[in-house]
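User: I am new to this structure. Could you show me how to read its features?

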Amino acid sequence: MIVEVNENNLLEAATVHSISWKESHRSFCSEDFIELHSPERQLSYIRNKVDAGSKFFMLVEDAPIGVVSITDSLIEDLYILPNEQNKGYGTSLLQFAISQCTTTPTLWILENNVNAERLYLRMGFERTGKVNSITDKLDEIEFALSKD
C-alpha cells in the first residue's frame with residue numbers, strides 16, 4: 001500500500017529515508033557526512049519539501065519499506081530499505097510516482113548509481129543529456145520517461 005506522508009507517519013518515512021540514503025551513499029561519502037543524515041534530520045528535510053509543495057509517499061507492507069517524492073513531474077527521493085531491495089518495491093513506487101506526474105516524468109541520479117539507472121532504463125526512461133556537477137569527481141544525470 002502506498003500512503004501519503006503526513007505528520008502521523010513522518011518519522012517512519014524519515015527513518016526509511018535515513019537508512020536507505022546512508023546505505024546508497026556509503027561508498028563515496030565520508031562516514032561523518034553519512035551520519036549527519038539521521039532520521040531527525042531527514043524528518044526536517046521531508047517536512048521542508050512538503051511545505052515547499054512536494055508530495056511525499058511511503059510504501060508500506062507489514063512495515064514501511066520505501067519512500068518517494070514528487071514535485072510537479074520531478075521524481076526524487078526514491079529509496080527502498082536495503083534489505084527490501086530487488087523485490088519489486090522500487091518498480092512499484094516508481095510506477096506510482098509516474099502516475100502522479102502531470103507532464104513528462106523526469107528524475108536525476110548520481111552517475112555512479114548503476115542499480116537506479118538499470119531500473120529507470122528498464123522502465124522506459126532515457127538520458128536527456130543534462131548533467132549537474134555535484135563535485136569535481138561526481139555528476140548527476142537527468143532522465144526523462146520516453147514518449148514511445
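Analyst: We will look at a helix, some backbone angles and a residue in a strand. Keep in mind that this is a predicted model.

User: Let us start with helix 3. What span should its 13 residues have?

Analyst: Count 1.5 Å a residue, taking one less than the number of residues. For helix 3, residues 39-51, that gives 18 Å. The end C-alpha atoms are 18 Å apart, which agrees.

User: Which residues of helix 3 are buried?

Analyst: Buried means under 20% relative accessible area. In helix 3 the buried residues are Gln42, Leu43, Ile46 and Lys49. Viewed down the axis of helix 3, they fall within an arc of 130 degrees, so they line one face.

User: What covers the buried residues of helix 3?

Analyst: The cover includes helix 1 (10-25). It also includes strand 2 (55-60), strand 3 (64-71) and strand 4 (74-80).

User: And which exposed residues does the face turned away from the buried side carry?

Analyst: That face of helix 3 carries Glu40 and Asp51, both exposed.

User: Now the backbone. What should I know about phi?

Analyst: Most residues other than glycine have a negative phi. Asn86 is another non-glycine residue with a positive phi, near 65 degrees.

User: Where do Asp72 and Asn86 lie?

Analyst: Asp72 lies in the loop between strand 3 and strand 4. Asn86 is in the loop between strand 4 and helix 4 (89-100).

User: Is Asp72 buried or exposed? Is Asn86 buried or exposed?

Analyst: Exposed means over 50% relative accessible area. Asp72 has 65%, so it counts as exposed. Asn86 has 82%, so it is exposed too.

User: What phi does Gly53 have?

Analyst: Gly53 follows helix 3, and its phi is positive, near 115 degrees.

User: Last, Glu142. Where is it found, and why does it count as buried?

Analyst: Glu142 is in strand 7, residues 138-145. Its relative accessible area is 9%, so it counts as buried.

User: Which side chain does a polar contact join to that of Glu142?

Analyst: The side chain of Thr128, at 2.7 Å.

User: Which residues is Glu142 in contact with, leaving aside its neighbours within four places in sequence?

Analyst: Thr128 is in that list as well.

Key: Residues numbered from 1 in each chain as written. Predicted model: local features only at pLDDT ≥ 70, side-chain atom pairs only at ≥ 80, totals over all residues. Heavy atoms only, no water. Helix = DSSP H or I, 4+ residues; strand = E, 2+ residues; numbered from the N terminus. Buried < 20%, exposed > 50% of the residue type's maximum accessible area, 1.4 Å probe, protein only. Polar contact = N/O pair within 3.5 Å; in protein donor to acceptor, adjacent residues only side chain to side chain. Contact = heavy atoms within 4.5 Å. Arc of directions from axis to C-beta.
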